[in-house]
Structure formats: C-alpha cells, structure tokens
Amino acid sequence: MIGRFARFLVRAVTFGIVIAAALICFGFGWFVWQLPAEEIALDRNADGIVVLTGGASRVEDAIELLAAGRGKRLLISGVHPATTTAEIARFNPGYARLVACCIDLDYAAVNTVTNAVGTRRWVEERGFRSLIVVTSAYHMPRTLTELHRQMPGIELVAFPVVTDKLRNEPWWSSPPIARLILSEYAKYVVAQVRMRIGPNDMSDNSNGRSDNKS
C-alpha cells in the first residue's frame with residue numbers, strides 16, 4: 001500500500017513538473033513573440049508621459065514625445081542624484097525650454113517597483129488619468145505590470161524603445177542578449193505572481209538597486 005502511494009506521488013510530482021515546465025516555455029515563447037522589432041507610432045495622446053531611465057535613447061525619445069504634444073508633462077523616473085534639468089537640457093539643446101517648464105525628475109526610484117510607486121504619486125499629484133510609458137521593449141511587460149499594480153484605474157499607453165542590438169540581430173544569436181531576455185522574463189513572471197497574491201506596495205522604500213538599467 002505504501003509502495004503504491006509512493007509511486008502515485010512520484011507520478012503526480014513528475015506530471016506537475018512537466019506541466020509547469022510546459023507553461024514556462026509557452027510563456028517565454030509569448031514573451032519573446034510580443035517584443036516589437038521596430039518602434040511603434042502612437043495613435044493617441046495622454047495626460048502625462050513617464051520614462052524609466054537605463055536604456056539607450058529612452059529619455060531622448062520621451063522628450064520628443066513631449067515636444068510633439070503627446071503629453072502635458074514628462075516624468076523621468078530613476079534619475080541619478082547628480083543629474084539636473086540643466087544637464088538634461090545640455091544634452092538636448094533643441095528642447096531646453098521644454099526641459100525647464102515641463103519635465104520632472106524622480107531621484108528616489110531605484111528599481112521597477114519604486115519606479116511604479118513614484119509614478120503613482122506623480123500621477124495623483126497632477127490629477128492625470130492616462131499615461132504614456134517609455135522604456136525598453138524587453139522591459140515593457142514588467143513595467144506595465146508594476147504600473148497596473150499601483151494604478152489600476154489609469155490608462156497606460158506603451159511606447160517600447162527597441163535597442164539597436166534587438167533590431168539588428170536575433171536575440172538568441174548573442175549570449176548577453178539571450179541572458180538579458182531570460183532574466184527579464186523571470187522577473188516578469190515574479191511580478192505577475194506578486195500582483196496576484198500580494199497587496200500593492202504603497203511605500204516609497206526600496207530594498208534593492210535598480211533592475212531597469214539595461
């Protein structure tokens with residue numbers, strides 16, 4: 001009797017592992033499939049724009065969206081403590097007036113969770129109801145998950161930034177890019193689990209360094 005139960009238990013555990021592995025592989029396939037190969041053209045405007053620092057051209061793209069009238073103000077989230085609006089204007093001389101009047105800097109955010117917390121506070125202070133989100137394409141799914149977790153009633157419009165590496169070569173052909181995509185998928189899965197089983201983290205405290213600086 002005990003031997004029969006042990007065999008049943010082993011089979012059940014094995015079956016569970018196989019199902020879990022299949023779901024993970026299927027999810028990773030979806031994650032990679034939905035990554036855009038080219039930057040999209042927005043078909044709507046929003047009240048505000050938020051850009052998460054870390055990837056090449058993210059901030060520049062966000063400023064261009066602001067200049068095009070896609071949003072009223074821009075929040076740059078996860079800014080280095082030494083960075084000022086004057087420095088941002090120096091790197092974007094064509095938008096100096098726009099930087100001075102319509103861009104806010106968030107120095108407190110150090111990872112994607114605190115990016116979302118700080119963005120929520122900024123959105124609430126401004127009374128915004130819609131938001132264009134600018135970050136790297138591979139980072140967008142997790143970013144939207146964390147933002148939805150903090151602001152379930154806010155309309156989020158994704159503007160994924162496609163890096164040259166992802167545009168010019170298949171992700172699987174480069175070990176560093178493959179590791180980046182796999183790591184980001186794992187973090188995305190964790191974010192999804194947290195959203196479903198835990199309450200929103202409404203504090204501004206962070207327990208780690210930035211994980212969106214790729």
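Ala 89 is found in helix 3, which covers residues 85-91; helices (H or I, at least four residues) and strands (E, at least two) are DSSP runs numbered from the N terminus. The model is a predicted one, in which local features need pLDDT of at least 70 and side-chain atom pairs count only at pLDDT 80 or more, while totals for chains, interfaces and linings use all residues. Residues are numbered from 1 along each chain as its sequence is written, and side-chain values use heavy atoms, with hydrogens and water left out.

Ala 89 counts as buried because its relative accessibility is 14%; buried means under 20% relative accessible area, exposed over 50%, and partly exposed in between, with a 1.4 Å probe and protein chains only. Leaving aside neighbours within four places in sequence, Ala 89 is in contact with Ala 96 and Val 99, where contact means heavy atoms within 4.5 Å. The C-alpha atoms of Ala 89 and Ala 100 are 7.8 Å apart in space, and the two residues are eleven apart in sequence.

The chain as a whole has eight helices and five strands. Their order from the N terminus on is α-β-α-β-α-α-β-α-β-α-β-α-α. Of the 214 residues in the chain, 43% are buried. Among contacts between residues at least 6 apart in sequence, 81% join residues at least 24 apart. The accessible surface comes to about 11,900 Å², and carbon and sulfur atoms account for 61% of this area; accessible areas come from the Shrake-Rupley method with a 1.4 Å probe, and for residues only the protein chains shown count as cover.

Helix 2 spans residues 58-67, and its buried residues include Arg 58, Asp 61, Ala 62, Ile 63, Leu 65 and Leu 66. Just after helix 2, Gly 69 takes a positive phi of about 80°.

Helix 5, formed by residues 112-126, contains Thr 114. Thr 114 is buried, since its relative accessible area is 5%. The side chain of Thr 114 makes a polar contact of 2.9 Å with the side chain of Asn 111. A polar contact is a pair of N or O atoms within 3.5 Å; within protein, one must be able to donate a hydrogen and the other to accept it, and residues adjacent in sequence count only if both atoms are side-chain atoms.

One aromatic pair is present in the structure. The pair is edge-to-face because the rings of Trp 122 and Phe 128 have their planes at 80°, with their centres 5.3 Å apart. Rings of Phe, Tyr and Trp (its six-membered ring) pair if their centres lie within 6.5 Å, and planes under 30 degrees apart count as stacked, over 60 as edge-to-face and the rest as tilted. Both Trp 122 and Phe 128 are buried.
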